[in-house]
Amino acid sequence: MQDAIKIDPRDNVAVALRDLDAGAMIELPPLRVAVQQAVGRGHKFALQPIAQDELVIKYGLPIAHATQPVA
């Protein structure tokens, strides 16, 4: 079973397909991401650092801007 999905190649977040524990290694080729904190199924997590005020991209489109830095 896949752990997460990156919906569009331009996305800087992915969506957890199951509950993920802190430290879980997620494979989304070519990316390999270590989840920094627990993520509930259906919630987003960053695939790369996102700076404060940078756009959060999901579905290939901006859905929000970061109000604080995201590791």
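This is a predicted model: local features need pLDDT of at least 70, side-chain atom pairs count only at pLDDT 80 or more; totals for chains, interfaces and linings use all residues.
View 1. Going from the N terminus, the protein chain reads β-β-β-β-β-β-β, so the tally is seven strands and zero helices (DSSP runs numbered from the N terminus: helices are H or I with at least four residues, strands are E with at least two). The radius of gyration is 11 Å, close to the 11 Å that the globule rule gives for 71 residues, so the protein chain is as compact as a globular protein of that length. That radius is taken over C-alpha atoms, and the rule is 2.2 Å times the number of residues to the power 0.38. Along the principal axes, the C-alpha atoms fill a box of roughly 30 × 20 × 20 Å.

View 2. Of the 71 residues in the protein chain, 34% are buried (buried is under 20% relative accessible area, exposed is over 50%, partly exposed is in between; 1.4 Å probe, protein chains only). The accessible surface comes to about 4,700 Å², and carbon and sulfur atoms hold 53% of that. Areas come from the Shrake-Rupley method with a 1.4 Å probe, and for residues only the protein chains shown count as cover. Among contacts with a separation of 6 or more, 37% are between residues 24 or more positions apart, a contact being heavy atoms within 4.5 Å.

**View 3. The cis bond at proline 29 and proline 30.** These two prolines are joined by a cis peptide bond, with omega at about 10°. Look for proline 30 in the loop between strand 3 (25-28) and strand 4 (31-34).

**View 4. Positive phi at aspartate 53.** Here's a residue other than glycine with a positive phi, near 75°. Aspartate 53 sits in the loop that links strand 5 (44-46) to strand 6 (55-58), and is exposed at 53% relative accessible area.

**View 5. Positive phi at tyrosine 59.** Tyrosine 59 isn't glycine either, yet its phi is positive, near 65°. The loop between strand 6 and strand 7 (61-65) holds tyrosine 59, which is partly exposed, with a relative accessible area of 49%.

**Notes on all views.** Residues are numbered from 1 along each chain as its sequence is written. Local features need pLDDT of at least 70 and side-chain atom pairs count only at pLDDT 80 or more, while totals for chains, interfaces and linings use all residues, and side-chain values use heavy atoms, with hydrogens and water left out.
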